[in-house]
Amino acid sequence: MSKDKKNAKKMNLSYEEELRLLQIELLKFQNHVKENGLRVLILMEGRDAAGKGGSIKRLTEHLNPRGCRTVALAKPSDVEKTQWYFQRYVTHLPSAGEIVIFDRSWYNRAGVEPVMGFCSQEEHKEFLREVPRFEEMIINSGIIFFKFYLSISKDEQKRRFKERMTDPLKQFKISPVDQKAQELWDQYSIAKYSMLLATHNVISPWVIVASDNKKEARLNIFKFILSNVEYQKKITDHLKYDENVVRSGNREIKIIEESLNKENLKDII
């Protein structure tokens, strides 16, 4: 088969076919992690209804649960509120041979907490000062670290909220915080900008994923991970991610700054 025909065949893959190929590669990577005692940490962040849970579900559904954990912490207990902010997260970091995925993380203090008034302004500022050093320690310990921010538009978030309210299988996802998300859209946008300025760096960069199209977002998250790790029998044919879907934190900061005086700012960030 010629190269052009191979490319044409590759482009004609359905979502399900491409997802299956990527899930096979993810399983190969997990085997490599286990065999070599590696530690992998993946953070999934983003606004409410951005698609974090669905992406994590597809990421993990064929992985061995003995070597892969999803961490989705509830609000801190009275005891945890008295501890160092990062303390309850540290206990969930990966051990040798393990992949850990955080469905939201310590970055609650960069978004939900300051916007909803769950922390003080000083606590928010102190978090933004501390987190780069905390993540540098994680990486220096040998952990392979990815942090994704799923970026959704205001109109798409509104549509997904409406779908959740009318679908009995999705109603459990609606919370009082979710119900405020549209009303507080601009405040969340400011919090996101502050977070990127303070916590995107060469050592621990943010990867922004346009997620209005859920399937496109999922495939590109998997491709980004797999294209940035090594493992045995790696097949690279389907691992090139779309740079219109996946963008760097620096690019996201520039997009925000270029749009600061435009009426459509809220739809971009």
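This is a predicted model: local features need pLDDT of at least 70, side-chain atom pairs count only at pLDDT 80 or more; totals for chains, interfaces and linings use all residues.
Visitor: Which residues of H9 meet H6?
Guide: From the H6 side, the contact is made by Leu 128, Val 131, Pro 132 and Glu 135. By class, the contact of H6 with H9 has five nonpolar, two polar and one charged residues. On the H9 side stand Ser 194, Met 195, Ala 198 and Thr 199.

Visitor: Which element gives the most to the lining of the largest cavity?
Guide: The largest cavity has a volume of about 190 Å³. It is lined by 17 residues, and the closest to its centre are Gly 46, Arg 104, Gly 111, Tyr 149 and Tyr 188. Strand S1 (39-46) and H9 each supply at least two residues of this lining. The element that gives the most, with four residues, is H9.

Visitor: How many charged residues are in the lining of the second largest cavity?
Guide: The second largest cavity has a volume of about 50 Å³. Its lining consists of Leu 26, Phe 29, Ile 42, Leu 59, Leu 63, Ile 99 and Ile 225. Leu, Ile and Phe count as nonpolar. The lining therefore divides into seven nonpolar residues, no polar and, as to charged ones, none.

Visitor: Which helix gives the most to the lining of the largest pocket?
Guide: About 1500 Å³ of space lies in the largest pocket. Several helices each supply at least two residues of its lining, among them H3 (52-60), H6 (121-140) and H10 (214-227). The helix that gives the most, with six residues, is H3.

Visitor: How many residues of the lining of the largest pocket are charged?
Guide: The largest pocket is lined by 48 residues, and those nearest its centre are Asp 48, Leu 73, Asp 103, Arg 104 and Asn 108. Over the whole lining, 16 residues are nonpolar and nine are polar, while the charged ones number 23.

How values were computed: Residues are numbered from 1 along each chain as its sequence is written. Side-chain values use heavy atoms; hydrogens and water are left out. On a 1 Å grid over the protein atoms alone, a cavity is a set of points where a 1.4 Å probe fits but cannot get out, and a pocket is an open set with protein on both sides within 12 Å along at least five of seven lines; lining residues have an atom within 4 Å of a point. Grid points are joined across faces, edges and corners, and a volume is the space filled by probe spheres set on the points. Contact means heavy atoms within 4.5 Å.
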